Amino acid sequence: MVNLREIKGRINSTKSTQKTTKAMQMVSSSKLRRAEQNAKAYVPYMEKVQDVVAAIAGGTTVSHPMLTARPVKKTAYLVLGSDRGLAGAYNSSILRQVQRDIDSRHRSKDEYVILAVGRKVRDYFVKRDHNVIAEVVGLPDQPSFADIKEIARNAVGMFTDGTYDELYMYYNHFVSAIAQEVTTKKLLPLTDIAPASTTASYEFEPSAEAILETLLPQYAESLIYGALLDGKASEHSARMTAMKNATDNAKDIISDLSLQYNRARQAAITQEITEIVGGAAALE
Amino acid sequence: MKTVTVNIVTPDGPVYENEVTMVIAKTAAGDIGVLAGHVPMVAPLKISAVKLNKADGKTDVVTVSGGFVEVRPDKISILASSAELAENIDVARAKEAQKRAEARLQQKQSDIDTKRAEAALARAVNRIKVQEGNI
């Protein structure tokens, strides 16, 4: 016979797990709302920068090291993940994509370097002995531009000084509260600048080259920041979905267990009655 | 006097939006004053304060940490990695930053560190100056 107390214990422990997952779900959903707001606050800046970059880079014939492709000796991968797990396939799907691309493109570990954002990402690559040259861990849930500035500047700087010749960025794009998709972006050199939507021809003070000098690094840095905000929103939504599933599963398990518990209790009562009746019959 | 819309935006969101009569900024090539109807222009800014003269005679001051200004006849946008209205500056924090940067400059490490500390110092001093009202 199934032990009644054992079932009761399992019901209770599942219930407390459910409480935890439910709390985490609610926390994530409020963080998601904040992350979405941050991403929205960032849009005007991005649009403006993009406009100006397009107007300058598209309208004139100036060249700049950051705009020109050069023979690739070393590739860098900037991977934006999270510090904590319990977010479903959030980190594993990015890491799988990166690993697949690395395996198909490179034969030796000297051909590429990794820039890791997020503890999970760093641990993954360090454990597998990849060349991690920069890392950021412990980013807050609502990162500000200052938090990411350092790695963004480093990423751009190392391209300029020739440490690597191209830079790819991997992050989870926030599609909706239930869907994220792994996105790969070739960040540097900046070859896919959209043509200018405005036809305004600017006067440059002092010169177009001098402006590109300050503008392009700022543009690349802001692309990285944009991806980070996008990634954070995805992280919270992934965690929210994962925790919702966990809560639902716990609910199913509890209802199964309660059914089992009631059956066992009923069986015990029936057996007791049968024994009493049997005992009484034997006395007659 | 004719006015023009000014937007100051940073990655963390818009900081300032208003109708002004003149924008005075420090660009890498020198100080400029921009009125409404200026020809389209782009110029990088120094770590400095931007003065915005309003139609009612008052002036707003916003600190910017570099970035650049984009001018169109009907609209002026300033894009910086950080910007603050003078009354929102946290002086205590700026003074902390100033001390940190100065300490780092004393130590004299690599070139990059020195450059970064110098930039941080310039930003901190800029904030303090603007907050105290002497630009």
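**Core**

I take a nonpolar core to be a set of buried Ala, Val, Leu, Ile, Met, Phe, Trp, Tyr and Cys residues joined through side-chain atoms within 4.5 Å. With that settled, I went looking in this model, which is a predicted one. The largest nonpolar core has 53 residues, and the members touching the most others are Leu78(A), Leu115(A), Tyr164(A) and Leu167(A). I then checked which elements of chain A supply at least two residues each: helices H1 (4-59), H4 (145-160) and H5 (208-283) do, and so do strands S1 (75-80), S2 (112-117), S3 (132-136), S4 (166-176) and S5 (179-188). Which of them gives the most to this core? That is H5(A), with 13 residues.

**Salt bridges**

Next I turned to charge pairs. Side chains of opposite charge can pair when their charged atoms come close. Searching the whole structure over all chains, I get 13 salt bridges. I wrote up several of them.

I started with Glu221(A) and Arg153(A), whose side chains meet at 3.9 Å, N to O. Glu221(A) sits in helix H5 of chain A and Arg153(A) in helix H4 of chain A, so I have a link between distant parts of the chain, 68 residues apart. Buried or exposed, for Glu221(A)? Its relative accessibility is 8%, and the cut-off for buried is under 20%, so Glu221(A) counts as buried. Arg153(A) comes out partly exposed, because its relative accessible area is 37%.

My next pair was Lys186(A) and Glu166(A), a salt bridge of 3.4 Å, N to O. Lys186(A) belongs to strand S5 of chain A and Glu166(A) to strand S4 of chain A, so this bridge ties together parts 20 residues apart in sequence. I noted Lys186(A) as partly exposed, at 34% relative accessibility, while Glu166(A) is buried at 9% relative accessible area.

Then came a pair within one helix. Lys232(A) and Glu235(A) bridge at 3.4 Å, N to O. Both are in helix H5 of chain A, 3 residues apart, which is about one turn of the helix.

**Surface patches**

Which residues make the nonpolar patch of about 260 Å²? I find Ile269(A), Ile273(A) and Val277(A). Ile269(A) lies in helix H5 of chain A. Patch residues need over 30% relative accessible area, and Ile269(A), partly exposed, has 36%.

Over on chain B I picked up a patch of positive charge on the surface, where Lys26(B), Lys46(B), Lys51(B) and Lys129(B) gather. I placed Lys26(B) in strand S3 (residues 22-27) of chain B, and it counts as partly exposed, because its relative accessibility is 31%.

While on chain B I also looked up Ala103(B). Its place is in helix H1 (residues 91-107) of chain B, and it is partly exposed at 41% relative accessibility.

Last, I went through the backbone of chain A. Where is the cis peptide bond? It joins Leu188(A) and Pro189(A), and omega is about -5°. Pro189(A) is in the loop between S5 and strand S6 (203-204) of chain A.

I noted two positive phi values outside glycine. Leu86(A) has a phi of about 55°. Leu86(A) lies in the loop between S1 and helix H2 (90-105) of chain A, and I put Leu86(A) down as exposed, because its relative accessibility is 56%. For Asp129(A), phi is near 65°. Asp129(A) is placed in the loop between helix H3 (119-127) and S3 of chain A. At 61% relative accessibility, Asp129(A) is over the 50% cut-off and so counts as exposed.

Conventions. Residues are numbered from 1 along each chain as its sequence is written. Chains are lettered from A and ligands numbered from 1 in the order in which they are written. This is a predicted model: local features need pLDDT of at least 70, side-chain atom pairs count only at pLDDT 80 or more; totals for chains, interfaces and linings use all residues. Side-chain values use heavy atoms; hydrogens and water are left out. Patches are made of residues with over 30% relative accessible area and no salt bridge: like charges are joined within 9 Å, nonpolar side chains (Val, Leu, Ile, Met, Phe, Trp, Tyr) within 5 Å. Accessible areas come from the Shrake-Rupley method with a 1.4 Å probe; for residues, only the protein chains shown count as cover. A salt bridge is a side-chain nitrogen of Lys or Arg within 4 Å of a carboxyl oxygen of Asp or Glu. Lys and Arg count as positive and Asp and Glu as negative; His and the chain ends are not counted. The place of a charge is taken as NZ of Lys, CZ of Arg, CG of Asp or CD of Glu. Helices (H or I, at least four residues) and strands (E, at least two) are DSSP runs, numbered from the N terminus. Buried means under 20% relative accessible area, exposed over 50%, partly exposed in between (1.4 Å probe, protein chains only).
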